Amino acid sequence: MLFRTIRFALQRMLRSYIGLFLLTVVPLCLISVLGMVSGHVAGEEGQSISSMTWLSVSFMISFQLFGGAYTMSYMKEDFFTARKWRMYSLPYRAHVHASSLLIASMLFNVLQGLFIVLFTQWVYGVNWGNIGWVLLVILAVSLLSQLVCMILVLTVRNFKIAERLSEVYGIGSMVFAGMIFPIPTTGFFDFMSTYGNPVSLGQNAIFGMITGEEIDKMFLSIGLLFAASLVLALVATFVGRRKLG
């Protein structure tokens with residue numbers, strides 16, 4: 001039953017043309033435009049990474065943070081509208097349906113991320129290193145973001161506020177990663193820009209594989225992503241069972 005509901009949710013997402021545009025076409029446009037106008041972007045700690053590689057990795061990871069909009073939208077439509085009785089009349093528990101939405105949204109975002117990876121590799125020659133490792137990093141970031149959005153939609157009564165908070169999560173992570181403007185060089189901001197947000201953790205994991213340097217940092221970063229997801233999964237399970245029954 002879970003697999004059938006995941007397939008159905010994926011079919012619904014494929015019909016969301018605005019979502020496809022915002023999460024696939026927009027990042028590719030940003031990468032293309034900024035890649036053409038930028039010359040060279042230095043990586044952290046003196047590493048030299050091409051501007052197109054830095055932009056591709058950074059924007060691909062960043063837009064994974066907004067993929068939770070699928071989960072939020074379908075959760076609202078299925079459980080928090082006047083038509084929610086349809087979900088509770090189905091021959092399986094509500095939390096199973098919620099889980100299928102989360103898993104489908106995660107898989108859909110991983111595929112969108114993979115498309116960006118392959119496109120930039122073939123068109124711009126971006127060196128992504130081990131594609132299997134990149135997929136694992138995308139999966140980790142996507143899972144974390146889906147769980148954040150799932151918890152928001154389950155705990156915040158006003159859906160608009162939940163949406164704004166999810167945007168704060170995404171844009172705030174990009175700010176701490178230094179993608180929007182330079183951040184101060186203090187102990188707090190140094191930590192936040194290295195391990196304190198999912199964008200930087202994803203960058204650490206992928207750049208480490210590409211350069212073959214700072215392997216400990218690479219494994220620590222992906223470990224933190226999965227550890228945070230485990231904690232949030234427990235929270236989402238607890239909240240979901242109380243909220244959805």
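Student: How do you know that the span of helix α3 agrees with its number of residues?

Tutor: In this predicted model, helix α3 covers residues 51-64, and its 14 residues should span 20 Å at 1.5 Å a residue. Its end C-alpha atoms sit 20 Å apart, so the two values agree.

Student: What makes α3 count as mostly covered?

Tutor: Buried means under 20% relative accessible area, and 14 of the 14 residues of α3 are buried.

Student: Why are α4 and α8 called roughly antiparallel?

Tutor: Look at the angle. The axes of α4 (residues 68-79) and α8 (residues 159-176) cross at roughly 170° and come within 11 Å. Angles over 145 degrees count as roughly antiparallel, so α4 and α8 get that label.

Student: Which residues make the contact?

Tutor: On α4, Met 72, Ser 73 and Lys 76; on α8, Phe 159, Ala 162, Glu 163 and Ser 166. By class, the contact of α4 with α8 has 3 nonpolar, 2 polar and 2 charged residues.

Student: Which elements have the lowest and the highest mean pLDDT?

Tutor: Strand β1 (residues 41-42) has the lowest, at 49, and helix α7 (residues 131-155) the highest, at 96. The chain averages 89, with 96% of the residues scoring at least 70.

Methods. Residues numbered from 1 in each chain as written. Predicted model: local features only at pLDDT ≥ 70, side-chain atom pairs only at ≥ 80, totals over all residues. Heavy atoms only, no water. pLDDT = per-residue confidence, 0-100. Helix = DSSP H or I, 4+ residues; strand = E, 2+ residues; numbered from the N terminus. Axes fitted to C-alpha atoms, helices over the stretch in contact; angles between N-to-C directions. Parallel < 35°, antiparallel > 145°, perpendicular 65-115°, else oblique. Contact = heavy atoms within 4.5 Å. Nonpolar A, V, L, I, M, F, W, Y, C, P; charged D, E, K, R; others polar. Expected span 1.5 Å × (residues − 1). Buried < 20%, exposed > 50% of the residue type's maximum accessible area, 1.4 Å probe, protein only.
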